[in-house]
Structure formats: structure tokens, C-alpha cells
Amino acid sequence: MATNPISALGRTCSARARQQQDSAAPLPATATTPIAGSSDELSATSRRAYAELFKLRIPAARSIIGAELRQQPRHPGTLLVDAAIGFTELAVSQDGSRYGALIEAQNRCIAALDKLPPTALRDYARAEVRLHQAAAQIMFEHELQGAWSLRQAYLQVQQNAKRWPGHLPTQKTLGLCQFLIGSVPEGYRWFLNLLGLPGNTAAGLRHLGNAAERPNDFQTEAAILRGLIRQTYYGADAEAEALTTRLARAQPDNLLFSYLVMSVQKKLHHADQALAAYRARPVGAAYQPVPYLHHMAADLLLYQGQYAASVRANQQFIKEYRGVHYRKDAWFKMYLAHWLAGNAPAAEQCRRQIAGTGETVVEEDRYAQRFVDDRVPLNPVLTQARLQLDGGYFRPALATLRAFRAAAATPLRDRLEEPYRRARAYHGLGRLDSARLFYTRTIALSGTAPYYFAPQAALQMGYLSQQAGQLAQAKAYFQKALGYHKHEYKTSTDAKAKVALAGLK
């Protein structure tokens, strides 16, 4: 089950944990801070510790909450923040040597919470720590235990919502679970049904919205989660860009916000802006190291054709990173940089590293491994165009594509990739008629070929049809996207198509 959406759910929960730090901070200049003193709110000290964790300043957060634990060892908010610090450190570092100790600490925290009198915050903390445990277990491939912990967390948060219907943090977590489980593709529904985990994407967004729009200790977290979900699944790019930019400007010392800006801008194909966020991020010993930022920067530099700088950034990532994911992808990107720079010996050394390192859980690593296994040479024109498109350099990509010439010996993969890349370039430039032409050409030429070009083209045609109000046509394209099998990005493509179909209803 290492490659199924349950793993994707775990990774999403771990990304959410990196966002969990923001729970204590108010939305800058827009939200009202809850009045402290209630047993259902964080104490002022716990709020300060959470604010430091929010910024990924883990040493400061640990120092503050340590003092609070000595003063209030039985306060549910104190226990929650202490547990969140350990989980965040593991989720960001991906250091497997910390895993066993974290699971034991989470079990102790849950046992301590069980002994406290029931309050909304106590019950919320129990569900949160259990959800973090599920994410950690799935993250480190203890997936059966993780699935069971997920079930326990979801049942707890459902009970909490009935017991404390006005508790906004509970609505936030309920909404997140409902949406993530509701977006799992149909091919894996049997597993969630076996666990008794129903999902509902529309209800999930409603509950997240309630927590995002009304003051509570976890309002900013809810706003970020909703914004990222809406960008990923509904194309709300401007909304996500505005939110993350506003947060980063309000707190320039917040490393989490720098990461969010970088991530959103990269997804928007704004390579220049994403690199600017990387270079402006806060650094120093006060912050938890985030090696993955260097891997993201390596991609952005590759898009710009800065091959030597891209290799250096990925080498830094490999040196500092303690996890197993994205390693194959890093070596593949270093292969591309050396290969495009004309350094064949160095490229071959990187190619050999792909198969001998890391795992194939995340889609990027599976793509890298498939490159090695298929032994089909990459086309330099199409590869350069793809990188330019990923960076948002649409006109240069079109210019690059003019050099592509298909011949009798041209592999099928390249014949299918060329019209797909043209479609993406025209789409990025807003030339939608041309984009539709090349998307449909990609679909027609692909048949059942096991590549991601046709399913992605069908997904994009679904979005374009939906935007044009052609809902029956949009439904047909989303269903078509779901019908392709065994391509590199099936998990994410199917999840997006499923959410889009639910939105049409």
C-alpha cells in the first residue's frame, strides 16, 4: 500500500503538521484574538510557545512550553503544544531515528489527556494528537497502524463535533478529515469503507470555512488549509497567493510563511517570485532546518537554466536531509542539469544513483525511477520546454518547441508529449482556443498509452469546460481523466478529477 492515496493522506497530514505551528497566531491585521482564560483556549504562555513553533523556531518553543509544563502539567493546551513540537520536528526533518520516541511520547500524551475532565479543548487535543500519530505512522510506512489511528482520530473528532458543536478548532479538524478522505479516488474507497471512514469534500470545506472566518486559537491554520485546498483542487490561485503573501509580509521572521509563499508561487509557475521568497527567508540557528527548501530551490534554478546552481542546491538537500522521499527526484534533477549542460559523465553518475537510493512513495520519485527502468532517452527539446513551462516561461517554451521535429524513429512518448507541452504553453498565455486544440490532439493520439499526458490533458479540458459553463462536457472529461491507468501521476490526477466531479454536483 506504499503508493496508494492513504500514503498521500499521510503526507498531506504531515504537511498540515508543518502548518500546525500557525495555530496560535492570529490572522495578521484581520482577526480578533480570543480572550484568554477559558479552559477551552490556550493559555497565554502556550500561545507564545505555539507562535514560536508556528515560525519553526523549535528551540524557543520547547523552552517556553517546558516552563509551562512545570507550572500547568495538566492543562490540555500545554500538553497539545508540547506534543505538536515533537511531531513538527519529525515531520520537517523526516529523521526516522526520532520515530519510536515520538510515538511513545504521543501515547503518553493521550493517556494524560484521558485522565483530565472533559472539555472541548481536552477532546480536541486528544483527536489532534491521535491524528498526528496517524500521520507519523503513515509517513514512516507503518500504514496499518496509521490507518487505525486515523480511524480513531476521525471517530473522536466526529464525537467532539456533536458534543461541542460550537467549538471552532474541532470544526477545522473535522473539515480537514472530511475533505481529505472525500478526495480519495474510487479505486481505494474500499479501504476507507472497511475502516468506516466517510468523507465529504463540500462539508469539509464548509467546516474549514467556519474555523477560518471566526476568531479562535487555530484560525490562521484553518485559513491556510482552506486556501491550499482551494488552490490545489479548485484553481483558487489568486486567493492562495494573496493569503500567503499577506501572511509573510506581516511576519517576515516566519520561516513557515516563507515556505508557503515559495510553495504557492512554484505551483503557480512563478519561478522568479518563488526564488525571491527562498532568498529572503529567515535563517539561523533559531530555526528548525528545512532541507526540502533547497530541493525546491534546485527545481526553480533548473527552470531558469542555472544548471550549476541547481546541482549545488540539490547536493545541499541530499547532505542535510534525513528522510527517504525525494531523493530519487533530487538525483534525477541533477541528472537533467548535467545532461542539459552537456556534462555526460556527471549525468551518468547521477542516473546510476537514482535506482540505488530512496523510495518510490511520492510521485516525483516514481517518475524518476520510471525514467531509469524504461531506458527511453529523453528528448532535449521537450525536456527544456517542460522545465521552462514549469517555471512559467511560456513564450520561451513555445520558441523551444519549434525546434522539435518528429521522425519515423521518434518514440511514442515524445510524439504525445509535444502537443501536450504546446497546450500547456498556450494555456499559460491565456490562448485557450489553441490550448483546447492541442489538449484534444494529445487525447486523440494517446489511446491507452501509459503516460500522464492524456489524463492531464483530459483534466485540463474538464476545467476549461467547467469555466465555460459546459458542465456535461466537463463531467465527461473528468471521468475520462479517471479512466486512465498506470500513469506516473495517477494518484494526484484522480484525486483532482474526483473533487472536480463532486463540485459539478
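Predicted model: local features only at pLDDT ≥ 70, side-chain atom pairs only at ≥ 80, totals over all residues.
Helix α2 spans residues 44-54. Its buried residues are Ser 46, Arg 47, Ala 49, Tyr 50, Glu 52, Leu 53 and Phe 54. An α-helix has 3.6 residues a turn, so residues three or four places apart point the same way. Just after α2, Leu 56 adopts a positive phi of about 65 degrees.

Two packed helices are described by the angle between their axes and the distance between the axes. For helix α14 (residues 271-280) and helix α15 (residues 292-303), the angle is about 145 degrees and the axes are 10 Å apart. The crossing of α14 and α15 is left-handed. On the α14 side, the contact is made by Ala 271, Ala 274, Leu 275, Tyr 278 and Arg 279. These meet Leu 293, His 294, Ala 297, Leu 300, Leu 301 and Tyr 303 of α15. By type, the residues of this contact comprise nine nonpolar, one polar and one charged.

Aromatic rings were examined next. The count comes to 23 aromatic pairs. In one of the pairs, the ring centres of Phe 179 and Tyr 233 are 5.0 Å apart and the ring planes stand at 65 degrees; the pair is therefore edge-to-face, since planes over 60 degrees apart count as such. Phe 179 belongs to helix α8 (residues 168-182) and Tyr 233 to helix α11 (residues 219-234), so the pair ties together parts that are 54 residues apart in sequence. Phe 179 counts as buried because its relative accessibility is 0%. Tyr 233 is also buried, with a relative accessible area of 15%.

A second pair, Tyr 420 and Tyr 439, is tilted, with 6.4 Å from centre to centre and 50 degrees between the planes. Because Tyr 420 lies in helix α22 (residues 412-428) and Tyr 439 in helix α23 (residues 432-446), this pair ties together parts that are 19 residues apart in sequence. Both Tyr 420 and Tyr 439 are buried.

Tyr 420 and Tyr 439 also belong to a cluster linked by ring pairs.

Definitions and conventions:
Residues numbered from 1 in each chain as written. Heavy atoms only, no water. Buried < 20%, exposed > 50% of the residue type's maximum accessible area, 1.4 Å probe, protein only. Helix = DSSP H or I, 4+ residues; strand = E, 2+ residues; numbered from the N terminus. Axes fitted to C-alpha atoms, helices over the stretch in contact; angles between N-to-C directions. Left-handed = near helix turned anticlockwise from the far one by under 90°. Contact = heavy atoms within 4.5 Å. Nonpolar A, V, L, I, M, F, W, Y, C, P; charged D, E, K, R; others polar. Phe/Tyr/Trp six-rings, centres within 6.5 Å; stacked < 30°, edge-to-face > 60°.
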